[in-house]
Structures are given as C-alpha cells and as structure tokens.
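Please look over the sequence and the structure shown below before reading on. The report that follows is written for a reader who is new to protein structures.

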Amino acid sequence: GVNDARNNTSSIPDSSSVLSEYQWGDEKWEATMDCIRDVYSPYDVEVTDVDPGTEVFHHEAILAGTPGELGLMPNIGGIAPAGCAPLNNVISFSFGNASFSGDGDPLQNCWTVAQESAHAFGLPNHVFNCLDPMTYLQGCGKKFFRNQSYGCGEFEPAPCNCSGATQNSHVELRTVFGDGVQPPPPTVSILLPDADAQVEDNFVIFWDAQDERLVDHSDLYINGSKYTEIPGHEYASRADNYDTTAPSLPDGYIDIEIKAYNGLGSEAVSSVRVLKGSPCADKGSCFEFQECNAGRCEYPAANSQLGDACDIDFQCAEGVCGEVGDSKSCTN
C-alpha cells in the first residue's frame, strides 16, 4: 500500500507479510545499533529501536526476516523505496536472518541498514568504492558515508542517475539532515625528530596518524607557517607511518607541527621543538620577509586574502602568491 512507517504499510510487498524476528540475540543487536548510530552520527538524526508511534513521522529500518518472507527473490540483502529526492515516513528492509547476514555479523547488518535507509533519503545509487555503505563491494574495512565523490556502480562502474558523474554520500546526507556530532579527530604523534634535537638542513620528519574513518591528509607547519600537505594512506596501509623531508631553514629554534585530519575535517595536532645551529638573534640571520622571534625565524601570519598584494606564498591565507600583470597577489 502507501508508504507509511507509522502504520507499517509499504509499497515493497505485494501483500500482507510477517517477517521472522531478529534471531541473533541482544549482544549482536546492541553492537549493530552502536554501529548504525556511529555511521549516522555526523547528521542531525536520532537512531533508536523504540518505535516513536503513530503520531510521529519517522523512517523505519526493519532488520529481520528473509527476502522470501516478503515475496522477494532469495538473493536480495535489503530493499527500500528510493528516488533522487529524500522520502519521509517510509520503511526500508534489511533481511537480518538471511544466510548472507553473516550469522548476524553486526558490521555487515549495520552497513546493510545504513545503505537501505539511505536509499530512502535520496541516495538511490550504489557507489563503486568499498569504503562507503552505499556499495556492494566488500573487503576493505569499516564503512562510513565518505566525504568523497565516487563513481557509481555495483560490481563494475556505471553512470550515476541523480548526482551527475559521481556521488558524495556524506554531502548528500548532510544536505538532507544538517550537521550532527563532529566525529573525534585522528590520533597523531611525531616520532622523529625528538624534542630538543639538534638538526641539519633537510632532516626527515616521521609521524604516526590514525583514524577509524581514515586519515584524509596531514599538514606540516614550521614555525607557524604551512609548508606542505601529505595525503593520507589507503585502507590497506593505514597503519603505516608517514614521513616527509623538511626544507632548508635558517638557524634557530624550529617548531614542527603536524596537523592530521579525517575526511570530515576533525583535526588533531602534534608538535615538537628542535634546534638548528644557534637561536637567531635578529632578522638579519633569517630569510627575507622573516622576523626573529624568541630565537626562531618566522614569517608573519598568513592573513592576505585572494586578490590581496603579496610577496611570498606564506603571506596568503589561501592559494599562492602569483604574478598578476606587473604585480603579485594571492591567487588560486
């Protein structure tokens, strides 16, 4: 009948149906609920297993039964009404008692529920990347709605039918619901050089950065100025350390900061101070445009905006300092 989660009516089955209750016990149920809450935490939604009743519009994600009990083919893991626009007050089905539920594996069932419910929230496409719940692909770790634009497809690439050439699951859901809870930041720790170490030009910096949602990138700051951005590792190498080579620097104290970010912008910082040569005494021992401040050579704060006049990249809050006609200004 008409899709109405308040009254348990759905356009999916052809007749009245009874789904066998979830059979894997309370422990796996609670673990599945925790995972679903985690996956949906960046969005302004409430995830509960208490029915809000017939007076409240809600989405009902059923995790129970088998596809045959709903009159469907046995190879269907879940199903939902779906379109390019979000639907309110509908029911999605995830067949938690089917053989492919992995004996109630909480993560497998969590991702099925996440995918089927999101179909009803305006994400009808499957994406061709196994780190996002909107995929059919398996085998590369915990899935979250990623802030990445992926091509569509189930077991091979295919066109997206709503969002252009790609789909960004995180952006789509954030547009529907607004912001929820910002996920915790990565953990990050500089491994080398040690604090107070004496260094030479082009010393190597090693650090560890980890995040359940994966590290998107790390930024290297030296004496308050951003020098470079290092992309995060792929899932298979997520536990590996990171390294980069410091540029040539004037003598003085050197404050090294590594800022690590996950895909939703949560930030963590690790810092260490080292020394090259002797502390600077005045700006004459620093590079051009630098000042000597408490024994460290540093550039002024990068406050220049796009279009503002500049001399060097470090003055630009965005972009780089580029040639524009006969002068230089901050540009992309």
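The sections below describe some of the disulfides and then the surroundings of one phenylalanine.

## The model and its disulfides

The structure is a predicted model, and a search through the whole of it finds 8 disulfides. A disulfide is a covalent bond between the sulfur atoms of two cysteines.

One of the disulfides joins Cys152 to Cys160, with a distance of 1.9 Å from S to S. The torsion about this S-S bond is about 95 degrees, so the disulfide of Cys152 and Cys160 is right-handed. Both cysteines, Cys152 and Cys160, are buried.

## The link of Cys280 and Cys292

Another disulfide is formed by Cys280 and Cys292, whose sulfur atoms are 2.1 Å apart, and with 95 degrees about the S-S bond this link is right-handed. The pair connects distant parts of the chain, as Cys280 is found in the loop between strand S12 (267-276) and strand S13 (291-293), whereas Cys292 belongs to strand S13, and the two are 12 residues apart.

The partners fall on either side of a cut-off, since a residue counts as buried when its relative accessible area is under 20%. Cys280 has a relative accessible area of 8% and is therefore buried, while Cys292 has a relative accessible area of 22% and is therefore partly exposed.

## The link of Cys286 and Cys297

Cys286 and Cys297 also form a disulfide, and their sulfur atoms are 2.0 Å apart. Here the torsion about the S-S bond is about -80 degrees, so the disulfide of Cys286 and Cys297 is left-handed.

Because Cys286 lies in the loop between S12 and S13 and Cys297 lies in strand S14 (residues 296-298), this pair ties together parts that are 11 residues apart in sequence. Cys286 is buried, and Cys297 is buried as well.

Phe314 is located in the loop between S14 and strand S15 (320-324). Is this residue, Phe314, buried or partly exposed? With a relative accessibility of 21%, Phe314 counts as partly exposed, because the word buried is kept for values under 20%.

When residues up to four places away in sequence are not counted, Phe314 touches Ser225, Lys226, Tyr227, Tyr299, Pro300 and Ala302.

Definitions and conventions. Residues are numbered from 1 along each chain as its sequence is written. This is a predicted model: local features need pLDDT of at least 70, side-chain atom pairs count only at pLDDT 80 or more; totals for chains, interfaces and linings use all residues. Side-chain values use heavy atoms; hydrogens and water are left out. A disulfide is a pair of cysteine sulfur atoms within 2.5 Å. Buried means under 20% relative accessible area, exposed over 50%, partly exposed in between (1.4 Å probe, protein chains only). Helices (H or I, at least four residues) and strands (E, at least two) are DSSP runs, numbered from the N terminus. Contact means heavy atoms within 4.5 Å.
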